[in-house]
Every structure is written in C-alpha cells, then in structure tokens.
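Please work through each task before reading its solution.

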Amino acid sequence: MAHRLKVAASLPTLILMSGRKLFKLPIRGPTLIYSRHHSHLSGRTCNNMTDKKNTTIRVALKGDEILGNPRYNKGSAFTVDERIAFELSGRLPWQVDTLDQQCERAYGQLKDHETDIRRNAFLQSLKAQNWVLYYALISRHLGELIPVIYTPTEAEAISNYSHLFRRSEGLYLSFPLADRMEKDYLLQTAGRQIDLIVVSDSEAILGIGDQGVGGIGISTAKAVIYTLVGGMNPSHTLPVVLDVGTNNQELLDDPLYVGWPEKRRRGEEYDQFVDKFVQLVRKHHPHCLLHFEDFGVTNAQRLLAKYRDAHAIFNDDVQGTGAVTLAALIAAIGVTKAKLRDQRIVVYGAGTAGLGIVRQLSRAMVALDESDESTDTISAEDAKKNFWLLDKHGLLTRALAGEGLVREGIEDFVREEPEWNGDDVKKDDQGRIRLLEVVKRVKPTVLIGTSTQPGAFTEEIVREMSKHVDRPIIFPLSNPSKLHEVTPKDANDWSEGKALIATGSPFPPVKIPNRDREYIIAECNNALIYPGLGLGAVITQSRTLSDTMLIAGTRALAALSPALKDPDDALLPDFQEAREANYEVAVAVAEQAIEEGSANVPWGKDEVKQKVREKMWAASYENLVFDPEGET
C-alpha cells in the first residue's frame, strides 16, 4: 500500500501513515519530504557543488552489498522505503539523516584527528564507504581540506603508501604482467562509462621524487579534484599507476613495499609498456581524457609530444602549470595595460614546470597576437627571444649546450653567445651568468621562479628589477611554501608595493607600504583550470586537446581576475570559487573545440553552457529503486 504523507506544522516530526499504523520519524535540519516513489529535501541545503535535480537509479544490490558499495551507499540517509526495499531496516539505526546532518557528524569526527595525515586517512576511509558524503563534506570545507587530500599532506601519505596500505583503489598495471594488461584493464572498465583516466608512473611525485607504486595516490587525488571543482562523475573516472619499478632505494629495501621491487625500467621496454597502455585507452575509450601526472623530466614532455595529436592528452606538470601561470600573467598585463608580446620574461628553474610555462607563454604570444588585428603579428621565433631561462648552471646559453649541460627540449630557448660574451658581463668563478646579472642586463618585466631554491629572489634582485619597471610581475611558484624563491611580504616590501604577485602556495594578504591597504596574493593553483580544460574536452568528445583550446580556457580564467576591477586584489579567483571558474573554462574550451572542428558531438556552440551544466556531477543523493536487473 502506498504511503500517505502528513507533516505536523508545529513539530519537527515526519508522520507516516500506512493503513491504520502511524509512524513518527524525528527530523533534524531540513525537512525530508518522502513518498514511496520520490524523495527530496524541501528547501536548499548549503552545498558548494552545483545543485542537481534528483534522478532515480535502479540497483541490483541488497543488504551488506549496497552498504559496502561507496557509489550507492547512503548510510543513515537511506529513506524508509529504501531501507525496506534493500533489506536495510535491521542494518541501520532508526534515524533518517539528511546529507547536511551527515556532514556535520563527519566533520566532527574529522576534527577529532589531530594531524593532517590522520585526517587524510579518515577521509580516504570515508571515500571508500560513501562517495556522496565524502565529496559533500570536502566541498563544504574546500579551502581547509584540499591541503589534506592533496598537497602537501598527500605527499606524506604517498611516501608511506606501503605502510598505510589497507585496500586497493584504481588500476595497478605492473611491468611483469604486461602480457595481461588488456585483460586487467577490461576487468576494471567493462560496462563502465569512462570519461577521465589519470595515470602516473610515479617518478616525480609532488616534489618528493620516485615513489614507485605509491603513485596511485596522486592519480586518485587528481581524479578527486576533477570531481570536486570540475564536476566529473567519480564513477566515470579511473586512476592508474604504471608500476615500472623504482629507483628509490629506501622502497627497494623495505620488506613491506607493495610494489614491484625492481629498478625502474627505461628506454625501449619502458616506451613499449607505456604505448601498450595508451593504445588500450585509444581502443576502448577513444573519447576519454587521458591525464598524465608526475612523469619524470625525461619523459613528461616527450610522451606528451608523442601522443597529443592522436588522443585528448593532458599533462598537468607541463600544460597545467603553464596554463594557470599564463592566466595570471594575462591578468597582470591587464592591470599594466601592456601586451604579452612586449614582456621580457626571466624564468629561474628550467625543469618540467619551468619549460612548460615557457612553452605555454611563447605559444600564447603568437596566438594572442594573431587575434589582435591592430598590430603586426609576432613569429614563433621572435616570441622565443622574449625569454631568458636559468637553472643551477646559470643562464642557459649555447656554450652550456655545447658542454652537454642543457637537457633535451630546451634548445629553442637558449641564448646566443655574442650578447653575453662581452667583458662587461659579470660571471662567476665557473664562467656562469647568474640571476642578478641577468636581471641587471635584461631589465625583466616578469620574473618567474620554479627552482625550489628558497630565497633565490633576493632583496637586491627585486630592487634591481623594480628600478626599471613600474609594476614588476613576480611569480615565485615553487612548492611547498618553504621552497618559494621569495615570500610575498618581501617581494611587496622590496618593490615598495609595486609588485604584482602570484605564488604556488596559498599566502595571506600583505600590507602595502605607505598605504592603509592590503594586497591580496593570488595562488597559481592548477586546479583553477585543469579540471575545466578536461571537462571541456570530454563534453565535446574532442579528438585532441589543442593549444588553441588551452589558450581559450586560459583566457576565460584570466577574465575572472579580481585585479581587473581592483589592482590591489588577487590576479586569480580565490580557490573557493574554483568550481565556477572551471565551469567558465570548460565552456570556453568546448566552444573552441566546436569552432576548430575537433569536437565529435551533434550540437553547436549555442548549447555549450547548458551541456556543461548538465554534465557537472553534484554530491547529492539519488533515489534508489531495487531492480534485480539493475546496476551493481
């Protein structure tokens, strides 16, 4: 018999009538309006993830099976009808909680843990039990909990992966089992819609280096960020680790290490293993986004170049850092009323991130210049001349390249000898040209740090730069904060409040000298853009993720800069606004994909905004109906 519903206006009680029987259900928080075939929260709950209309899913699991499935488990939020249908009435306490109440309880439990690594473990356990509650909780405390589930805490969790290991997550592809890779892949993906695959070979994890099989932690963390601020459905994501061995001797000597305890494979056998995986993705999920994460410096750019024209490939270390830095720079030159092509850019740190930034900025100089009909366009070769790269050997010159001290991929940006061979050029005892001398001679408008050398931007360097530039643009991007080339406070003080600053980690505002105001420090957090870049490619089923699509997304993020309205405000949106920022990025990327013909969908640009909104998953409970033929 169908249940009829009455709500007593004066009491926080839900009264259920079934025949002649009367049930009273105490309600805390928002009132739950319930019937056999439909349930919803009357009134909106506070959820930073996009609100969604309730949908109904038919599920074939019952009892402990559904309670043990994090996709469908609601815990104490299962409705009375669902408890009966799924045989849960004796497995759950009486109270039917709302999601808000569950979040309140879970947050209290989280706060009982005194260290971030223990909070990280608690949240991992929660994710293994209930996806909706996990994402809803984090979305309500985004700024507080992102550092717990991602950098810096996740780095500690990954470094201790084998000792913290409790249960597997994602797909582990081990080198000795290469011949059964396709079978293992299909066992994980059969019958599933896969929109996103995040893969790592674990060689360069979060600044802590080679972590072997523990790299699955960075793949899962990145997938979580895609869901939180990009709206990727977690059931449509797949974290992967390519376990090709490790050169981390501490792991090799650890009797509890759970990965393949052999030296890391290199060369042709490594390439064949990676290629086998990529071809499986292309064969079985041709329209998914394949995100490469934390590959080593010798492989990251090389693999991106090898596969990006054959599939929608994204490498966050190469492209994500470059994209968010470009957005901050576009915002900064919006404040200074200058053009990107006119910037003199010194980059201190020529690793994967530094080179990725330089490539992204140089390509943008050409692309943005071509869109400006008021000026002659700049060539790719001329754009490269606007950059000066330094690493531990000093300024990268042809002489250094001749000594074999410039790694592959940087040759296009090394400086020619004549301009740096004069007697007036100051060199150190080894004949190297250091940062201060470069700043004195180049008079840069932009100074970017990716060196992980704390204090490298000294007071003398910042003051020298500020002599020649009205608004010096200074981006110390090394992570974590203890490795920043200069603190925002020092950059602000030494430039006498003129510097436009963005950092790689969050910092509090700084007081502007001689003014009763504070300058808001922008954080160049890749998560402000890469989830949107990926979502835009996925929703259009784009064949590639092109440079023009990246630049379209970057410009969309830059347009949201608070500094364009108030130059003392941040160059980028606050991370609390990351979900809305990534929505705008996704729209721009999707529109560009359609415009340039790489999209594979039957709808046009006029439908993009609606399609992106519909695609963005939200942490809210769906109506579940038991069906023996339903999902499992």
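Two residues are in contact when they have heavy atoms within 4.5 Å. Helices (H or I, at least four residues) and strands (E, at least two) are DSSP runs, numbered from the N terminus. The model is predicted, so local features need pLDDT of at least 70 and side-chain atom pairs count only at pLDDT 80 or more, while totals for chains, interfaces and linings use all residues. Residues are numbered from 1 along each chain as its sequence is written, and side-chain values use heavy atoms, with hydrogens and water left out.

**Exercise 1. Determine which residues of α18 are buried and which elements they pack against.**

Step 1. Buried means under 20% relative accessible area, exposed over 50%, and partly exposed in between (1.4 Å probe, protein chains only). In α18, which covers residues 435-442, the buried residues are Leu-435, Glu-437, Val-438, Val-439 and Val-442.

Step 2. These buried residues pack against the strands β12 (345-348), β13 (387-391), β14 (394-395) and β15 (446-449), and against the helix α19 (459-468).

Step 3. Directly after α18 comes Lys-443, which has a positive phi near 55°.

**Exercise 2. Describe the surroundings of Leu-340.**

Step 1. Leu-340 lies in the loop between α14 (316-336) and β12. Its relative accessible area is 6%, so Leu-340 is buried.

Step 2. Leaving aside residues up to four places away in sequence, Leu-340 touches Leu-326, Leu-329, Ile-333, Leu-361, Ala-364, Met-365 and Leu-368.

Step 3. Ser-362 is 22 residues from Leu-340 in sequence, and their C-alpha atoms are 9.2 Å apart.

**Exercise 3. Work out how α21 is oriented towards α10 and towards α24.**

Step 1. Axes are lines fitted to C-alpha atoms, for helices over the stretch in contact, and angles run from 0 to 180 degrees between N-to-C directions. Angles under 35 degrees count as roughly parallel, over 145 as roughly antiparallel, 65 to 115 as roughly perpendicular and the rest as oblique.

Step 2. The axes of α10 (216-230) and α21 (530-539) come within 9 Å and cross at roughly 80°; α10 and α21 are therefore roughly perpendicular. On the α10 side the contact involves Lys-222, Ile-225, Tyr-226, Val-229 and Gly-230, and on the α21 side Tyr-530, Pro-531, Gly-534 and Leu-535.

Step 3. The axes of α21 and α24 (608-615) come within 11 Å, with a crossing angle of roughly 110°. These two helices, α21 and α24, are therefore also roughly perpendicular to each other. Leu-535, Val-538 and Ile-539 of α21 meet Lys-611, Val-612 and Lys-615 of α24.

**Exercise 4. Identify what lines the largest cavity.**

Step 1. On a 1 Å grid over the protein atoms alone, a cavity is a set of points where a 1.4 Å probe fits but cannot get out, and a pocket is an open set with protein on both sides within 12 Å along at least five of seven lines; lining residues have an atom within 4 Å of a point. Grid points are joined across faces, edges and corners, and a volume is the space filled by probe spheres set on the points.

Step 2. There are two cavities of 30 Å³ or more, and the largest holds about 50 Å³.

Step 3. Its lining consists of Gln-124, Lys-127, Tyr-134, Ile-149, Glu-154, Gly-217, Thr-220, Ala-221 and Val-224. The largest share, four residues, comes from α10.

**Exercise 5. State which element gives the most to the lining of the second largest pocket.**

Step 1. This pocket has a volume of about 1,300 Å³. Of its 43 lining residues, Lys-127, Ala-128, Arg-167, Ser-168 and Glu-169 lie nearest the centre.

Step 2. The greatest contribution, nine residues, comes from α4.
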